[in-house]
Amino acid sequence: MASGVNSTWSKGSSEPGFSTLKEYLSWQLSIYAELFEAENPGLKVEGLACNWLKADADAFWVIERKPSELVQELLKTTYFFSDNGPVYFHPDLSMFGIGSTLPAEVKEQTPIVAPDVVDYFTRLLKTYKDAEAKLEEAKTALRAAMTEHKVKSFDFGTFSATIGADSVSTSFDTKTFKKDHPELYKKYASSKAKKGSFTIKLKDND
């Protein structure tokens with residue numbers, strides 16, 4: 001099997017630069033091999049290799065295959081696509097060789113995601129915050145215009161807007177009822193498991 005690698009290196013890169021690329025290739029081709037064998041029972045990938053063709057710096061590399069259990073663990077790991085490709089989240093990055101060379105006192109401070117992922121989330125949150133504020137401002141103006149022209153609902157083609165009728169809501173003071181009538185509350189109350197919420201907030205200084 002052959003795979004094109006969408007990766008570049010600057011002219012004059014030293015061997016350490018190649019080491020990083022080979023590590024990338026090791027994961028990429030190991031995943032390909034794992035999936036190939038899964039789809040073709042009985043067939044075994046004998047080895048991984050790469051023809052590196054870049055201007056005047058061509059090379060042929062035999063690539064080390066990652067252990068099957070590590071590849072399987074990676075394939076089960078939660079991920080999302082950022083501007084720079086997939087980003088994986090895993091509780092123990094050291095099993096993939098990430099951060100394993102850091103001193104013990106620094107390991108505990110290692111962020112769970114890379115800095116570029118933090119930047120990606122920050123840009124999304126800022127975009128969302130700005131768009132939300134502008135949308136609320138526009139909704140207020142649109143509602144005022146519809147109210148002035150006595151229009152309750154209107155289809156604008158790409159979106160529609162409707163002003164709901166005024167109403168009175170009624171709330172039930174569960175806390176007080178439970179305190180005043182504990183047995184009755186227990187009789188009618190029911191419980192069910194609920195997944196904890198997940199909140200991302202942009203700090204005020206951002």
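Ser26 is buried in this predicted model, with a relative accessible area of 4%; buried means under 20% relative accessible area, exposed over 50%, and partly exposed in between, using a 1.4 Å probe on protein chains only. Ser26 belongs to helix H1, where helices (H or I, at least four residues) and strands (E, at least two) are DSSP runs numbered from the N terminus. Leaving aside neighbours within four places in sequence, Ser26 is in contact with Ile63, Glu64 and Lys66, contact meaning heavy atoms within 4.5 Å. Residues are numbered from 1 along each chain as its sequence is written, and side-chain values use heavy atoms, with hydrogens and water left out. Because this is a predicted model, local features need pLDDT of at least 70 and side-chain atom pairs count only at pLDDT 80 or more, while totals for chains, interfaces and linings use all residues.

Another residue of helix H1 (residues 15-39) is Glu37. Glu37 is buried as well, at a relative accessible area of 16%. A polar atom of the Glu37 side chain lies 2.9 Å from the backbone nitrogen of Val45. Once neighbours within four places in sequence are set aside, the contacts of Glu37 are Leu43, Lys44, Val45 and Arg65.

Now to the chain as a whole. The protein chain has six helices and six strands, and along the sequence these follow the pattern α-β-β-α-β-β-α-α-β-β-α-α. Of its 206 residues, 19% are buried. Among contacts between residues at least 6 apart in sequence, 44% join residues at least 24 apart.

Val117, Tyr120 and Met146 are buried in H4. Just after this helix, Lys150 takes a positive phi of about 55°.

The structure holds four aromatic pairs. Rings of Phe, Tyr and Trp (its six-membered ring) pair if their centres lie within 6.5 Å, with planes under 30 degrees apart counted as stacked, over 60 as edge-to-face and the rest as tilted. Tyr120 and Phe121 form an edge-to-face pair, 6.3 Å centre to centre with 70° between the planes. Tyr120 is buried at 14% relative accessible area, whereas Phe121 is partly exposed at 29%. Ring pairs also link Phe154, Phe156 and Phe159 into a cluster.

Finally, a word on confidence. The mean pLDDT of the protein chain is 81, and 79% of its residues reach 70 or more; pLDDT is the predictor's confidence in each residue, from 0 to 100. Confidence is highest in strand E6 (residues 160-162), at 95, and lowest in helix H3 (residues 104-107), at a mean of 45.

How values were computed. A polar contact is a pair of N or O atoms within 3.5 Å; within protein, one must be able to donate a hydrogen and the other to accept it, and residues adjacent in sequence count only if both atoms are side-chain atoms.
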